[in-house]
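Here's a quick tour of a protein model and the molecule that sits in it. Take a look at the structure first, then follow the points below.

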Amino acid sequence: MIDVVLCASGSDEVRIVHGVARDHAGELRVVRRCADLAETLAVVSAGVGDVVLIDLEVRGMDREALSDMLRTAGAVVGLVHRAEGVPTSTTLGLRHVVDATAPVAEVAAVLQSAASPDARAIEDWVQTRPDPHAPRGRLLAVWGAAGAPGRSTLAANIAHEAALAGVDTILVDADTYGPALAQILGVVDDAPGLVAACRASARDTLDVGTVASIVPVLHPGLRFLSGIGVPARWPEVRPSSLDGVWEVLRRSAALVVVDAGSCLEEDEELSYDTMAPRRNAASTSAVAAADTVLAVTTADPVAITRLLREDERLRELEVTDLRVVVNRVAPPTPADRIRSLVLERMDVRAISTVPDDPATLRRACWDGTLLSEAGPRTPVRRAVRDLALSLLPEPVAVAGAPAG
Ligand SMILES: Nc1ncnc2c1ncn2[C@@H]1O[C@H](COP(=O)(O)OP(=O)(O)OP(=O)(O)O)[C@@H](O)[C@H]1O
Ligand SMILES: [Mg+2]
């Protein structure tokens, strides 16, 4: 016997409840009829029911609510509304959906297959609608342990150098502790772009088309998805939406550069509250989803030690292409010693250095400009440009970039 928790509009509810009782009494029973999403979530989290049958147009429904239901109930079937000449309503990526007007026998069959023991694991249920044929850009996560090693500065300049080299690039501020890219880029209107993207992803309305409206063009070839603006807004960056955001962004550009902040710890897991927001979800999901992780450290023993201590966490997140950049190198820094120390202790594909140049960086910061403008011929700009070119999706001839 399969216990069904039902949340549907009045007439659908009556029809389904009566049909199930009349024709499927031995296999299915409706154990709860919920008035709204909040009641459904409460019932499911109390452990009631084997499968949820819910109208996907119920107020407040989004991917977050669905993923929570899937985690606790294990099986969810969505009722969708299809009408002649009207685009099909969203399925929010749910695998099991049935038309709200379908005969009860059909609804019963979908409920049974969704609740069957060989139903797929949670992650497989909520899909991000990837189109296997669509071109997919590379995701570069610029990360670094605490201590302001220069993540934001490098993320902004690498993205800009990539754009100058002709690579269509999106730069994302995903630092939920200290968003800073808007200031570095001199963007006055700091709308919380990442919050908007997560919301749209949760409602299943984020696609390559809508990205255009929340990711403005900053320079030719460079678009910018701003962060959360005020740090206190971090709870609005929903963990279950982020993978969808990365996916849509990489379908929108050849290169996505993410300023991933510093903290990769698993936030305290409140297992009874799976809807709990997680402040580090943006960093961890970006690092886990990235094709390449650029770990930024400064050239001092404290920073290098912090980097080495994060090696285990990077492995846990299954980072395969890890590159290290030692930033702010200046005499008497033993650059060679740092290089061999890192190479001995970490499995890195490449390690590079960027010189310390406070004067140029300070000028860039005060003017809201990037290195190509603040110091086009400086060694620091050249180093960052070479680093950017080495990270590009396709090898780009240095000659294609403006002369340094
Ligand atoms: N190569 C460099 N030479 C001189 N100054 C630099 C260099 N790189 C970064 N800086 C400066 O270091 C400071 C910190 O840089 P940035 O904000 O990029 O670090 P972060 O790692 O993003 O820090 P946060 O923890 O605030 O996010 C800034 O003032 C920046 O201008
Ligand atoms: Mg920063």
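Which pocket is the space taken by ligand 1? That space is the second largest pocket. What you're looking at is a predicted model, where local features need pLDDT of at least 70, side-chain atom pairs count only at pLDDT 80 or more, and totals for chains, interfaces and linings use all residues. For the labels, residues are numbered from 1 along each chain as its sequence is written, chains are lettered from A and ligands numbered from 1 in the order in which they are written, and side-chain values use heavy atoms, with hydrogens and water left out.

- A pocket here is an open set of points, on a 1 Å grid over the protein atoms alone, where a 1.4 Å probe fits, with protein on both sides within 12 Å along at least five of seven lines. A molecule sits in it if more than half of its atoms lie within 2 Å of its grid points.
- Ligand 1 has 16 residues around it, and Arg151, Ser152, Thr153, Asn327 and Asp357 come nearest. To count as near, a residue needs a heavy atom within 4 Å of the molecule.
- Helix H6 (151–164), strand E12 (322–329), strand E13 and helix H15 (358–367) each supply at least two residues of the shell around ligand 1. H6 gives the most, with three residues.
- Helices (H or I, at least four residues) and strands (E, at least two) are DSSP runs, numbered from the N terminus.

- The serine 152 side chain has an N or O atom 2.8 Å from an oxygen atom of ligand 1. A polar contact with the ligand is a pair of N or O atoms within 3.5 Å.
- On its own, ligand 1 has 640 Å² of accessible area, and the protein covers 77% of that. Such areas come from the Shrake-Rupley method with a 1.4 Å probe.

**The eight-stranded sheet**

- Eight strands make an open sheet with mixed pairing, in the order E8-E9-E7-E10-E6-E11-E12-E13. Two strands pair if DSSP finds at least two bridges between them.
- Strands E8 (217–219) and E13 (350–355) are at the edges with a single partner strand each, so one side of each has no neighbour in the sheet.
- E7 (residues 169–173) and E10 (residues 255–259) run parallel, joined by five bridges. Threonine 169 is opposite leucine 255 in E10.

**The five-stranded sheet**

- Five strands form another open sheet, E2-E1-E3-E4-E5, with parallel pairing.
- At its edges are E2 (28–33) and E5 (97–99); each has a single partner strand, so one side of each lacks a neighbour in the sheet.
- Four bridges link E1 (residues 2–7) to E3 (residues 51–55). Valine 5 has valine 52 as its bridge partner in E3.

**Backbone details in two loops**

- Going from proline 331 to proline 332, the peptide bond is cis, with omega near 5°. Proline 332 is in the loop between E12 and helix H14 (335–345).
- Alanine 148 isn't glycine, yet its phi is positive, near 45°. You'll find alanine 148 in the loop between strand E6 (138–143) and H6.

Terms used:
A polar contact is a pair of N or O atoms within 3.5 Å; within protein, one must be able to donate a hydrogen and the other to accept it, and residues adjacent in sequence count only if both atoms are side-chain atoms. On a 1 Å grid over the protein atoms alone, a cavity is a set of points where a 1.4 Å probe fits but cannot get out, and a pocket is an open set with protein on both sides within 12 Å along at least five of seven lines; lining residues have an atom within 4 Å of a point.
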